[in-house]
Amino acid sequence: MNKITMRLQADHLIMEALKEDISSEDVSTNAVMKEKVQGEVDLICKQDGVIAGLDVFARVFELLDGDTVSEFFCEDGDEVRSGQLLGKVKGDIRVLLSGERVALNYLQRMSGIATYTHTVACLLKGSGTKLLDTRKTTPNMRIFEKYAVRVGGGYNHRYNLSDGVLLKDNHIGAAGGVAQAVAMAKEYAPFVRKIEVEVETLDMVREAVDAGADIIMLDNMSPEEMREAVRIIGGRAMTECSGNVTKENIAKLAELGVDYISSGALTHSASILDISMKNLHAVE
């Protein structure tokens, strides 16, 4: 995540997280640290995985004190091991203590998503099918979680509702049918926007193809139905498989020949990666 993106899109979110954790003061730190003392602390990995979010981690401390310096011995996307020294943070000990939890929350969460995504993406190697995330993200964490998916080897679906047309079951119901929904979308949306339609039956697949949908999402279909759907579409639209996708069944789904597989589990079900800050001490 580059500095420009950080300042424009992430800084205010990080500040809100800090305000949540420090509503007026850090009573514990202020009780034991009456004045500024320069210190250093180690960032240590306690679990094997893929690291993601180092810049966000560092930015937490920088927003508290611009003189804080983070030095990393790895970079986002690297596979890390339990016990590995990932880096060091130097600065006012009060800042290191007050920012610790928020900084680790971001790094652990993002690294957990990158680790899980990497595990799933590896199951698709050689298949030609791309792994996508969804909008099933933690509120106010989407920019961080979707970035972590990319670090782990996945791809981003639309970022938000303004980012693309996806006509789901309730849109189709409101419009009166697949054909009507696609026609309305083509009339309203900018021509540069692709139109994706979520379908649940083979009849809906045929309707979506005839209506000229650009992408057809096969939602919660059986493998047999999806295989037939891919045959019916015949390359006239891109295909996406969605619904109950897990690392246990994703390899078999890729064998069906779909272009994309989307999985909400990448962001809503990934466990954190255990990382800690240890060995805080004063330095000259």
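1. The mean positions of the 32 positive and 43 negative charges of the protein lie 2 Å apart. Lys and Arg count as positive, Asp and Glu as negative; His and the chain ends are not counted. Each charge is placed at NZ of Lys, CZ of Arg, CG of Asp or CD of Glu.

2. This is a predicted model: local features need pLDDT of at least 70, side-chain atom pairs count only at pLDDT 80 or more, and totals for chains, interfaces and linings use all residues. Residues are numbered from 1 along each chain as its sequence is written, and side-chain values use heavy atoms, without hydrogens and water.

3. The C-alpha atoms fill a box of roughly 70 × 35 × 25 Å along the principal axes. Of the 284 residues, 49% are buried (under 20% relative accessible area, 1.4 Å probe, protein chains only).

4. The protein has 11 helices and 12 strands. These are DSSP runs numbered from the N terminus: helices are H or I, at least four residues; strands are E, at least two.

5. Strand 10 (residues 238–242) is largely enclosed by the rest of the structure, because four of its five residues are buried.

6. Strand 9 (residues 215–219) pairs with strand 10 in the parallel sense over five bridges (pairing requires at least two DSSP bridges). Asp 219 stands opposite Ser 242 in strand 10.

7. Strand 10 also pairs with strand 11 (residues 260–262), in the parallel sense, over two bridges. Here Cys 241 stands opposite Ile 261.

Notes. Buried means under 20% relative accessible area, exposed over 50%, partly exposed in between (1.4 Å probe, protein chains only).
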